[in-house]
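Subject: Structure handover

Hello,

Here is the structure for you to look over. My notes follow below it.

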Amino acid sequence: MIDERPGLRVSVVQFEAVASDKEANLATVRRLATRAAGEGADLVVFPEMCLLAYWHLTKKTTEQLRNLAEPADGHLVQSLRQIAADLGLGIGAGFLESDGEALYNSYAVCLPDGTVHIHRKLHAFEHPAVSSGDHFTVFDTPWGVRMAILICWDNNLVENVRAVTLLGATVLIAPHQTGGTSSRSPHGMKVIPASLWHGRKTDPGALLEAVNGPSGRGWLMRWLPSRAHDNGIFVLFSNGIGVDDDEIRTGNAMIIDPYGRIVAETPVADEAVVTAALDLDLLPLSTGRRWLLGRRPELYGVLTRSSGLERDARTARHSDEPVPGDFRIAADGASGSES
């Protein structure tokens, strides 16, 4: 789908990555980035961990992960830089990073001026050997637009999106591998049967209904537009589609404006490139951005105090333990009732 209106043009992509096959995935990234360039995109956004595929990594040994990981200036990122240079656009894609010691679920944005920005997922839960990042990634671009990167679950914690907004970002790059997961929440996402994906040629309607239902687009609509609306920020949502180890990703690539409205999205449950122009004139008077001026920071100390119940991302994401019904943060930072 292409939106023909003028402005900064961006593309968001969904595709089915090949597990552990860097060269195959790089070839797909180049092919789809070339399509985005043909649609006039200044920036093309690919999914989380798309240069390796994602969920199969949860079953790898630490040594296997180390063999798949690369440094921030390694072959994968240098290949992305070359694609960006060849096509004259910005390109973002996810990979497994090693800094020589720790491993990270990382995302590289390579800009056409040769600069590279790397974000390490702040809430990494995929594997005990994968560490979480410790800083926000916000940067200026050649288009005069300040951008941020938050990977998948980073976007589910509302504080992160507000933080990058307060750091000046007006466009949020939000790569995911989501949809069709086995949520612990009774009314959260559920697994999409693999038979629907494999039978998509004979019964495409059943798959489309599933990816647009409560385990796919329906789930996104509960929260994703609010991240854009409440902060007055554009959100560029990219996602995997199809088989991701033993789960089926739902795609739903979309571009959301600062009012939480969908500017463009894909209508297919298949590989897709969604391209649209960002109307930057929407930013100054958008509702969420005006609300920022009404903030009262002196009231928000509670946001930076520990409850004493915090867990590492992996434990928090995978735990079946209910959150205590009397959860609260007291004035002194202790968990419990406040008199």
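Contact here means heavy atoms within 4.5 Å. By that rule, and leaving aside neighbours within four places in sequence, Thr-115 is in contact with Val-109 and Cys-110.

This is a predicted model, so local features need pLDDT of at least 70, side-chain atom pairs count only at pLDDT 80 or more, and totals for chains, interfaces and linings use all residues. Residues are numbered from 1 along each chain as its sequence is written, and side-chain values use heavy atoms, with hydrogens and water left out.

Helices (H or I, at least four residues) and strands (E, at least two) are DSSP runs, numbered from the N terminus. Buried means under 20% relative accessible area, exposed over 50%, and partly exposed in between (1.4 Å probe, protein chains only).

Thr-115

Thr-115 sits in the loop between S4 and S5. It counts as partly exposed because its relative accessibility is 34%. Met-189 is 74 residues from Thr-115 in sequence and 37 Å away in space, C-alpha to C-alpha.

Helix H1

H1 covers residues 22-38, 17 residues in total. Its first and last C-alpha atoms are 24 Å apart, close to the 24 Å expected. The expected span is 1.5 Å times one less than the number of residues. Buried in H1 are Lys-22, Asn-25, Leu-26, Thr-28, Val-29, Leu-32, Ala-33 and Ala-36. Viewed down the axis of H1, they fall within an arc of 160°, so they line one face of the helix. The arc is that of the directions from the helix axis to the C-beta atoms. The general rule: an α-helix has 3.6 residues a turn, so residues three or four places apart point the same way. The buried residues of H1 pack against helices H2 (62-68) and H3 (75-87), and against strands S1 (8-15), S2 (43-45), S3 (90-98) and S14 (272-278). Just after H1, Gly-40 has a positive phi of about 85°.

Helix H3

H3 has 13 residues, which should span 18 Å at 1.5 Å a residue; its end C-alpha atoms are 18 Å apart, which agrees. Its buried residues are Leu-76, Val-77, Ser-79, Leu-80, Ile-83 and Ala-84. In H3 too, the buried residues fall within an arc of 160° seen down the axis, so they line one face. They pack against H1, S3, strand S4 (103-110) and strand S5 (116-120). Gly-88 follows H3, with a positive phi near 70°.

H4 and H8

The axes of H4 and H8 (residues 224-231) come within 10 Å and cross at roughly 35°. Axes are lines fitted to C-alpha atoms, for helices over the stretch in contact, with angles from 0 to 180 degrees between N-to-C directions. H4 contributes Val-158, Val-161, Arg-162 and Thr-165 to the contact, and H8 contributes Arg-227, Asp-230 and Asn-231.

Met-147 lies in strand S8 (residues 146-149). It is buried, with a relative accessible area of 0%. Beyond its neighbours within four places in sequence, its contacts include Leu-8, Leu-43, Phe-139, Val-171 and Ile-173. Met-147 and Val-161 are 14 residues apart in sequence and 12 Å apart in space, C-alpha to C-alpha.

Thr-170 is in the loop between helix H4 (158-166) and strand S9 (171-175). It counts as buried, at 14% relative accessibility. Leaving aside neighbours within four places in sequence, Thr-170 is in contact with Val-145, Arg-146, Ile-233, Phe-234, Leu-283 and Arg-289.

Best wishes
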